[in-house]
Amino acid sequence: MHDPDEWELPLTGHTSSLQGIPGDAQLMGLDRNTEEGALVAMAGSMNRNKRSHRVVAWVAIVALAAPVLFSALALLL
């Protein structure tokens, strides 16, 4: 078995498709063509100094947290 510190990222000719995706996520096989990789790429390419990026981040947090909150409320009530 390989030591994780010795893993190398696969070299592809499409470096733009890996933009915003950290190296450890790439090692797990995530890229913009997978659902989880697309979310990681979107979050990684956001700039906290831009107001529109902050709004999108908050909308994403609400969209991802709402089903959990509604399920918890349904169980409690």
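Student: How many of the 77 residues in the protein chain count as buried, as a percentage?
Tutor: In this predicted model, 8% of the 77 residues of the protein chain count as buried. The accessible surface of the protein chain comes to about 6,700 Å², and 63% of that surface belongs to carbon and sulfur atoms.

Student: And which elements does the chain have, going from the N terminus?
Tutor: The elements run α-α-α from the N terminus on, with 3 helices and 0 strands in the protein chain. Among contacts with a separation of 6 or more, 5% come from residues 24 or more positions apart.

Student: Which helix has the highest mean pLDDT, and which the lowest?
Tutor: Helix 3, covering residues 51-76, has the highest mean pLDDT of the elements, at 94, whereas helix 1, covering residues 23-27, has the lowest, at 85. For the protein chain the mean pLDDT is 81, with 75% of the residues reaching 70 or more.

Student: Where does pLDDT stay under 50, then?
Tutor: That happens over residues 11-17, for which the model has 3 contacts beyond four places in sequence. Where pLDDT is low, the predicted coordinates should not be read in detail.

Student: Back to helix 3: what should its 26 residues span, and how far apart are the end C-alpha atoms?
Tutor: At 1.5 Å a residue, helix 3 should span 38 Å, and its end C-alpha atoms are 36 Å apart, so the two values agree.

Student: Where does helix 3 bend, and by how much?
Tutor: Helix 3 bends by about 35° at Ala65, and a proline, Pro67, follows within four residues of that position.

Student: What separates Ala43 from His53?
Tutor: Ala43 and His53 are 10 residues apart along the chain, and their C-alpha atoms are separated by 9.3 Å.

Methods:
Residues are numbered from 1 along each chain as its sequence is written. This is a predicted model: local features need pLDDT of at least 70, side-chain atom pairs count only at pLDDT 80 or more; totals for chains, interfaces and linings use all residues. Side-chain values use heavy atoms; hydrogens and water are left out. pLDDT is the predictor's confidence in each residue, from 0 to 100. Helices (H or I, at least four residues) and strands (E, at least two) are DSSP runs, numbered from the N terminus. Contact means heavy atoms within 4.5 Å. The expected span of a helix is 1.5 Å times one less than its number of residues. The bend at a residue is the angle between axes fitted to the seven residues ending there and the seven starting there. Buried means under 20% relative accessible area, exposed over 50%, partly exposed in between (1.4 Å probe, protein chains only). Accessible areas come from the Shrake-Rupley method with a 1.4 Å probe; for residues, only the protein chains shown count as cover.
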